[in-house]
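Hi,

Here is the structure I promised to pass on. Have a look at it first, and then read on for what turned up.

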Amino acid sequence: MAAPLTLLLVLAVTIRAALFRSSLAELIAERVEVVSPITAWKRVVEGLALLDLGVSPYSGDVFHETPLIIYLFHFVVDYAEITFMLADVITAVALYMAVKDYNKQVFRKQKFALEADRYPLDCLELIRSPKEIYLLNPFTILSCVAKSTCGLNNAVVALFIFSTIKGNTLLSAIFLCLATYQSIYPLTLCAPAMLYLMQRQYIPVNFRRASFWWFIAQYLFMYLGSLFVLICLSFFLLGSWDYMPSVYGFILSVPDLTPNIGLFWYFFAEMFEHFRLFFLCVFQINVFFYTIPLSVKLKEHPVFLIFMQLAVISIFKSYPTVGDIALYMAFLPVWSHLYRFLRNTFLVSCVLLACSTLFPVLWHLWIYAGSANSNFYYAITLLFNVAQILLVSDYFYAFLRREHHLTYGLYLKRKDGSEATLVLK
Amino acid sequence: FTLSIYLSIYLSIYLSIYLSVCLSDSAGQFFSSGHTNNWAVLVCTSRFWFNYRHVANTLSVYRSVKRLGIPDSHIVLMLADDMACNHRNPKPATVFSHKNMELNVYGDDVEVDYRGYEVTVENFLRVLTGRLPPSTPRSKRLLSDDRSNILIYLTGHGGNGFLKFQDSEEISNVELADAFEQMWQKRRYNELLFIIDTCQGASMYERFYSPNLMALASSQVGEDSLSHQPDLAIGVHLMDRYTFYLLEFLEDIHPASKANMNDLFKVCPKSQCVSTPGHRTDLFLRDPGSVLITDFFGSVRKVEITTEAIDLTDPIKEVEERPANGDVHKEMHSYVDQLPVSEIIHQKPKQKDWHPPDGFILGLWTLILLVFFQTYGVKHLRHIF
């Protein structure tokens, strides 16, 4: 049931405002699962204070945001809460309109499909829009109340998705460039964006066709051009290239090993210096590595590819927070028609719930009570990430299985007429 | 006849010169050590019953040092565990250093300053450097000055470059060398003798770099120090070899003995000790042959008896300084007034507001407007809303 958008927005804003006023705000702002060294609000305030004192905010290891964030918050630092709520609202609205548009296209495509046995419920009409899931997701609310700049990142990515689905190449390239400029990982979303836009303009995805390469060149030119412009503009803000090692060097070389819900910190805390570079490369490549195989497999379904890529980024990035998870979880209701093919819903939901509640418990036991140690916390982190990976791969399986059914029919029969089973090899 | 007188005069002159030279030599030797007080820091770092021998080692050195004259007020004794009252001790209130229970080194006047869990690396380093909290009693402090000779004896379990304290932490040779340098810079010792009886003990003195340090160790790097002999009645090894032979050597020293460091270096050769004892004298300014054992192990004061009487009844008059030119009056500088502290602390930092450069704002908004109009075109604006 699609509740009216405005009602939902009002409800979400009320919840956030109530939480902002309560004493929970400081508590949440310190939780390591919600804020990371890149996105913490405390660091933004510190960076701006340093700037007021005449010192570059990038000196020392405090501030790891991009200069555009400095510019933005220089003017709105007193209205920070409204800014973050606005960011959440923008994300939700963008996602909602994107998915509405996407649904319309999918409907149109399926009307023209001629398949023999299609199951009666093209249950795409029952899609719950992602806006509820995003706005009312406790992860999003936590992230917003903590004023983590992850909310702004999510807003940019959502706008990118919206402009891609609308078909606007220039805007999509610009928003993707903004998202990459904030944190490097959305670079992998180039591939699905290009695939989708090519699909929309009916350019066949074929290596031998000139139009394919021409489109890629156009898109890459717009993307790289705007990236170049943004980087030069950031140079002019503070007059120095200080921000490059502070932002991008920090993301890539992971010097800060504060525990978070990711996989990097524990591993690198116990690593010998000799092997650090090697494992750093391995871990970072892990994020980018799945782009090409997934794009090859999912070249007809770029929106699902966007979902998979977002999930991969938020699991394998160097400083993930619950805000990143909220973004890809917002997409889950778009694929709610895959529900009948999912195999692990109970397991995944139980593990995710249990881990989310265990995070603060084990943190308290480790840091305050002293009766646990980092292994306990890391075990929960691992389990959480495994559950997420299971969730994503489950959806992947369900998607592929549905595609298979669309091509070969729902009730499969062997040659002799007995019922057959599908096995995923 | 005149020749014999000449000869006798010549001889007497020669003899007097010789005697005076001798006397000045012995006078020189009389005052060569330069220290006025002695201290000893004796540390046993291991606990548990099977490390009985380490406590016995430390108590043997304590006994010798006390016997040779250093009072308890100048000894800091740190024992990590209590063997005499350990419930596994079949002979309670005793700690023996020799089998057949010949020598009870515990006695009834042992004063342990740091006991049990107080023996930590932090406390040891604080004792050495003097950086103790103000509430520490005098018996737990090393109140040495720049005329003190200090003996430091460590025993326990060690390895290459470290010594284990209490089975849970370690002190490294670098930390120890730095502590000694702190002591030197704070003028907390005149000369220091460092003796260590652990496995690979020579690694602990490798990193010393402060002057006037002499070090002895029971084994070289890569070698283990071995224990002497077990006592079947008590059930544990009673002493380590090096300290056993050191104790034997020290039992022959009395306050007037002239034995010097070269004899100490010969204690426990490889045939008796199995490990090779080592020593380091390159940082020591005097020749080890001229350093007496009692310079470190005893508190030997030489007394010079004089028959002169010194009159202490007249009050000492203050000598007034006249200024060079009478009109200049020197300002009395007090320490407080040298900096205008009140001005400094009440100064508030100037709040300079940072503004983004105009070029940046211009460029950014131009780009934003360009993109906007490119995407939407001016006339399509109403279709979006």
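Predicted model: local features only at pLDDT ≥ 70, side-chain atom pairs only at ≥ 80, totals over all residues.

An α-helix has 3.6 residues a turn, so residues three or four places apart point the same way.

H11(A) runs over residues 210–238, and its 29 residues should span 42 Å at 1.5 Å a residue; the end C-alpha atoms lie 43 Å apart, which agrees. Just after the helix comes A:Gly239, with a positive phi of about 75°.

Next, a residue in one of the covering helices. A:Ala158 sits in H8 of chain A and counts as buried because its relative accessibility is 0%. Setting aside neighbours within four places in sequence, A:Ala158 touches A:Thr91, A:Ala94 and A:Leu95.

Over in chain B, helices H2 (residues 52–67) and H5 (residues 241–251) pack at about 15°, their axes 10 Å apart, so H2(B) and H5(B) are roughly parallel. Their crossing is left-handed. On the H2(B) side the contact includes B:Asn57, B:Val61 and B:Arg67, and on the H5(B) side B:Thr243, B:Leu247 and B:Glu251. By type, the contact residues are four nonpolar, four polar and three charged.

Enjoy exploring!

Methods
Residues numbered from 1 in each chain as written. Chains lettered and ligands numbered in written order. Heavy atoms only, no water. Axes fitted to C-alpha atoms, helices over the stretch in contact; angles between N-to-C directions. Helix = DSSP H or I, 4+ residues; strand = E, 2+ residues; numbered from the N terminus. Parallel < 35°, antiparallel > 145°, perpendicular 65-115°, else oblique. Left-handed = near helix turned anticlockwise from the far one by under 90°. Contact = heavy atoms within 4.5 Å. Nonpolar A, V, L, I, M, F, W, Y, C, P; charged D, E, K, R; others polar. Expected span 1.5 Å × (residues − 1). Buried < 20%, exposed > 50% of the residue type's maximum accessible area, 1.4 Å probe, protein only.
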